[in-house]
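Student: I would like a close look at a single part of this model. Please start with the part itself, then place it in its chain.

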Amino acid sequence: MDLIELLNFYVIPGIVLGSIYALGAVGITLIFAILRYAHLAHGDLATFGAFVALACVTGVGIPPLAALPIAILVTAAVAVGIDKVFYEHLRERPKIVTVMASLGIALMLRSVVQVVWGVDTETYSRGIVRPEDYFGLRIRDRELYTVVALIVLVGALQLFLTRSKWGKAMRAMSDNPNLALLSGIDNKKVVMLTWVIAGGLCAASGFFLGYNTEIKSMMGWHMLLPMFAAAILGGVGRVEGAVLGGLIVGIAEELSVLVIPSEYKAAMAFAILLFMLLVRPTGLLKGKVL
Amino acid sequence: MEFLGLVNYALFTAIFIAIYALLALGLNIQWGFAGLFNAGIAGFFAVGAYTSAVLSTPADDGRLGGFDLHFVFGWIGAMLAAALVAWPIGKICLRFRSDYLAIASIGVAEIIRLVIKSEEVLTNGARGINGIPRPAGDIGYTESQIAYLVIVLAVLIVAYVLVERQFNAPWGRMMRAIRDNEDAAKAMGKDVEFRRLEAFIFGAALMGLGGALFAHFNRSITPEAIDPMVATFLVWIMLILGGSGNNRGAILGAAVVWIIWSVSEIATDRLPHEYAIQAKYIRLFLIGLMLQLVLRFRPEGLLPEPLRGDLRGSRRTPKSGADHS
């Protein structure tokens with residue numbers, strides 16, 4: 001197999017898949033670092049976002065990419081709502097209780113999707129899209145959009161976190177919550193902002209998974225492990241780490257079929273997760289260990 | 001025969017409650033005693049079910065075994081296998097906060113599901129393993145159900161007595177100390193990681209035993225026999241509703257939740273077909289909602305954890321008072 005084949009069949013799909021994981025992993029890493037618990041409903045929130053976009057596409061008839069902003073807004077609002085109704089009153093309890101609650105939320109979100117949209121596999125648009133040829137590299141438009149969306153969204157998030165007042169407040173909460181609270185940062189606003197960002201990115205992640213493959217009610221749950229592996233690989237609390245981790249996990253999954261049976265592709269993320277916990281729990285970019 | 005049907009249904013339900021009670025007891029060791037979050041209960045259940053199936057079925061071409069051993073060896077093997085799977089996971093994850101264990105245990109359950117589906121040599125793939133011998137299975141239907149119920153109850157009672165003894169023993173006190181204040185326990189010289197690993201492995205072994213009991217009851221085991229997420233979640237809500245940290249609570253929770261779950265299934269099965277599928281997911285939604293409500297309004301469960309020593313008789317404080325974040 002020559003290099004171009006390797007790139008076309010494994011590396012490019014890996015980068016696309018990795019971008020999708022990265023979008024979700026950024027949200028996981030923010031929640032892990034700022035709110036300090038593992039949010040197990042993240043995958044199913046992504047499923048929900050993907051189905052909101054589907055409702056726009058089939059119901060209103062707009063093109064998929066135009067449905068993306070709507071899905072992001074709706075999912076962000078739902079994420080804030082879930083926090084207000086189900087997580088907020090658990091804040092004084094041990095964090096692990098919220099982890100448990102989020103497992104319940106995962107089940108609830110998925111059953112909402114299954115009741116409203118059924119369990120059949122859907123797509124945003126029918127028909128086969130032929131890839132374009134870029135100097136021998138074959139890339140579909142939607143694959144390009146996925147990577148561009150990752151760059152734009154994460155770039156905007158980085159700017160927000162480093163330049164704006166509320167972004168700095170979020171970073172302060174992540175670095176030292178007691179000090180941040182003492183210096184008068186409004187915890188409630190930070191929590192809400194975190195959910196807006198995590199929920200929006202989650203919807204984007206689910207949308208692009210559906211855009212590049214299919215939309216299924218279990219799609220998000222199966223993304224949960226790779227997304228956590230990406231967040232921990234990059235270092236908890238590090239946005240750029242989550243992106244790096246997502247790309248590594250995505251490429252590793254696609255490349256893994258060269259050496260192990262393809263049924264075990266999903267095991268790759270788990271192997272990476274355990275390996276990182278074993279040798280370097282702070283992740284590649286020195287994040288937190290909770 | 002209307003009456004006989006009712007008796008058979010009651011027996012069937014009772015056997016399931018006993019099996020789930022065993023799982024809830026296992027989870028109580030992990031969560032109630034030691035504060036470990038295991039979201040992969042179905043994985044350990046499946047390991048136990050398949051191990052016992054392979055050990056006790058007659059030899060079969062095309063897959064490993066069967067070894068045609070007595071079912072008792074199958075059950076012991078199931079516990080050992082589940083413990084063996086738990087060991088490396090616990091070893092790696094228990095150094096960290098329980099969040100990491102939660103993620104890793106979801107991963108374990110997922111990997112086990114993949115292995116069961118794709119390793120035909122071990123598990124016979126999608127066809128599953130049939131002809132698992134059932135203790136006292138060759139007598140009449142109702143009699144054999146009664147006999148199996150007696151066996152399962154005996155196993156449950158033995159497990160309950162042993163776990164309850166451990167709970168009241170210094171070991172249980174130490175585990176609760178570790179759960180409620182890790183730093184203090186460490187300062188007292190307790191080997192926190194090792195003790196947690198013990199609790200995780202004991203709990204997993206009980207879950208494996210539950211899986212074995214299920215496989216022998218069903219006489220067969222296939223990858224689709226149980227829905228991993230639903231089974232895991234049911235055990236969680238059983239323990240939380242019943243009262244985590246209280247073994248009787250775990251058993252009571254198993255009974256209450258399983259009765260609600262199976263009665264609601266009867267109700268939804270009577271719906272016309274197009275609603276029946278949706279109703280299944282509405283039931284799942286309500287089970288999820290039930291957890292949220294219990295966590296919010298009665299976090300200590302129906303039977304709260306018994307308090308001992310100085311706190312006995314004084315105002316009851318929820319065990320969640322100590323924050324180990």
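**A helix and its chain**

Tutor: The model is predicted. Start with the bend in α3(B). This helix bends by about 25° at Trp87(B). A proline, Pro88(B), follows within four residues. Helix α3 of chain B covers residues 71-93, 23 residues in number. From first C-alpha to last, α3 reaches 33 Å. That is close to the 33 Å expected at 1.5 Å a residue.

Now the chain around this helix. Chain B has 12 helices and 0 strands. From the N terminus on, its elements run α-α-α-α-α-α-α-α-α-α-α-α. The C-alpha atoms fill a box of roughly 55 × 40 × 35 Å along the principal axes. Chain B has a radius of gyration of 20 Å, which agrees with the value near 20 Å for a compact globule because the chain has 325 residues. Buried residues account for 46% of those 325. Take the contacts in chain B between residues at least 6 apart in sequence: 75% of them join residues at least 24 apart.

One residue elsewhere in the chain gives a local view. Leu291(B) sits in helix α12 of chain B, residues 273-297. Leu291(B) counts as buried because 22 C-beta neighbours lie inside 10 Å, and the cut-off is 20 or more. Leaving out residues up to four places away in sequence, Leu291(B) touches Trp236(B), Ile237(B) and Ile240(B), and also Gly104(A) from chain A. Ile116(B) lies 175 residues from Leu291(B) in sequence, and the two are 30 Å apart in space, C-alpha to C-alpha.

Terms used. Residues numbered from 1 in each chain as written. Chains lettered and ligands numbered in written order. Predicted model: local features only at pLDDT ≥ 70, side-chain atom pairs only at ≥ 80, totals over all residues. Helix = DSSP H or I, 4+ residues; strand = E, 2+ residues; numbered from the N terminus. Buried ≥ 20, exposed ≤ 12 C-beta atoms within 10 Å, placed from the backbone. Contact = placed C-beta atoms within 7 Å. Expected span 1.5 Å × (residues − 1). Bend = angle between axes of the 7 residues up to and from the residue. Rg over C-alpha atoms; globule rule 2.2 N^0.38 Å.
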